[in-house]
Amino acid sequence: MLDKLKYPIIQAPMAGGVSTPALAAAVSNAGGLGFLAAGYKTTEDLRKDIQEFRNLSSNIFGVNLFVPNLNEINDNCNVDDYRAKLEKEALLLGTTVGDPIVDDDDWHNKIDLIKEEKIPVVSFTFGCPSTETIKELKQNGSFVIVTVTNLEEAKIANESGADALCLQGIEAGGHRASFSNNMEPHEEYGLLVFISIVKKEIDIPIIAAGGIMDGCTITAVLGAGASAAQLGTAFLLCPESGTNPVYRKALTDSDYTTTHITRAFTGRRARGLVNYFLSTYDKEAPAAYPQVHYMTQKLRKEAVQSDNPKYMSLWAGQGYKLAQSLPAADLIKTLMLQVNTNHV
Ligand SMILES: Cc1cc2nc3c(=O)[nH]c(=O)nc-3n(C[C@H](O)[C@H](O)[C@H](O)COP(=O)(O)O)c2cc1C
């Protein structure tokens, strides 16, 4: 499947309204692979996104799902202490703290929809589906990708029958794709060394993700053994993306100078621009996903509505200063020119 792409460029799925059908279609129409993000969406909204993509493009595309991990939800997590702190902030914003809901992101219905719609490419994040589910999806014609952050996860995904692995380096924006949210401190890999480590042990196609912002870096990951490069942050400023205006401004604003990996917004580790909320609550947030996601949801929504970047989750990879405000097709053309001339 990856060989059939005109260009080895995959637009990362970006949940939270960023990877719109318009963005995915523009990327697929330009010769890359566009992705829709199913995370946090209702199954009916995902169905509408798929329909909208198909109205805009007849090319192949992907859908990305969050794998629920209900077994590891830790009831003893100190959600109440965090809630008390959030309540003070909610009061200032004129909103309330949400309930610490635990759900599976409508996993079974989304898998049924993927089968019904015969989605060409399906990728998974936050875990590896069962061998049985992967087998069924493959028999139904989907190419199955599992996102991994270390060698152990890569081995599990390979043994479970994945067609390809998406390797997420530590540079990446958004959530860490780790299978577990309660991991002991462990080695976290920069993208290039991670490709080499996995390549030595596992012989299925690799997609590289994390900090890829220009053609020279695409050349580097292909040279290291990846079959394609997956870019998220590079697409955030495209007009087709759903990045809201305040988020767009923060990405180019000199007020924001660093990124950091934090649990503050969702209870799961994710890299974003350091703002007031992140720096204040980074050390406070418990490892409780999706509870913290639901608890902070109204604060984040209110922040968007009142143009207040201090409380927004401004997900971004380490390369965010290199993001360009170009239509997706022009961005892909620019990247491929850089790949072909080896010059940024
Ligand atoms: C705003 C944003 C949202 C993201 N949402 C998802 C998602 O829903 N599913 C997923 O697998 N990865 C998600 N990611 C991570 C990307 O798949 C990818 O690993 C990352 O963007 C690569 O690093 P880069 O941002 O430096 O290009 C997200 C990344 C960003 C920036």
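Tutor: A charge sits over a ring if NZ of Lys or CZ of Arg is within 6 Å of the ring centre and within 35 degrees of the ring normal. Bear in mind that this is a predicted model, in which the charged end of K310 sits over the ring of Y276, 5.2 Å from its centre.

Student: And how far is the charged end of R268 from the centre of the ring of Y289?

Tutor: That distance is 5.8 Å, and the charged end of R268 sits over the ring of Y289.

Student: OK, on to ring pairs. How many aromatic pairs are there?

Tutor: The count comes to 12 aromatic pairs, taking ring centres that lie within 6.5 Å. One of them joins F126 and Y289, whose centres are 5.5 Å apart and whose planes stand at 70 degrees, so this pair is edge-to-face.

Student: Where in the chain do F126 and Y289 sit?

Tutor: F126 lies in the loop between β4 (121–125) and α5 (131–139), while Y289 belongs to the loop between α10 (276–281) and α11 (291–305), so that the pair, as a matter of definition of these elements, links distant parts of the chain, 163 residues apart.

Student: Are those two buried or exposed?

Tutor: F126 and Y289 are both buried. Y189 and F194 form another aromatic pair, this one stacked, with 5.4 Å from centre to centre and 10 degrees between the planes, and both Y189 and F194 are buried as well.

Student: Which rings are linked into a cluster?

Tutor: Ring pairs link Y82, F265, Y276, F277, Y281, Y311 and W315 into a cluster; Y276 is also the ring that has the charged end of K310 over it.

Student: Switching to the ligand: how many residues surround it, and which are the closest?

Tutor: The ligand is surrounded by 22 residues, of which N64, T125, G211, G232 and T233 are the closest. Both β3 (61–66) and β9 (228–231) supply at least two residues each to this shell, and by class the shell has 10 nonpolar, 11 polar and 1 charged residues.

Student: What about side-chain N or O atoms that face a ligand oxygen, say in T233?

Tutor: An N or O atom in the side chain of T233 is 2.5 Å from an oxygen atom of the ligand, and the corresponding distances are 3.1 Å for Q168 and 3.2 Å for Q230.

Student: How much of the ligand does the protein bury?

Tutor: Taken alone the ligand exposes 590 Å², and the protein buries 97% of that area.

How values were computed:
Residues numbered from 1 in each chain as written. Predicted model: local features only at pLDDT ≥ 70, side-chain atom pairs only at ≥ 80, totals over all residues. Heavy atoms only, no water. Phe/Tyr/Trp six-rings, centres within 6.5 Å; stacked < 30°, edge-to-face > 60°. Helix = DSSP H or I, 4+ residues; strand = E, 2+ residues; numbered from the N terminus. Buried < 20%, exposed > 50% of the residue type's maximum accessible area, 1.4 Å probe, protein only. Near = heavy atom within 4 Å. Polar contact = N/O pair within 3.5 Å; in protein donor to acceptor, adjacent residues only side chain to side chain. Areas by Shrake-Rupley, 256 points an atom, 1.4 Å probe, with all protein chains shown as cover. Nonpolar A, V, L, I, M, F, W, Y, C, P; charged D, E, K, R; others polar.
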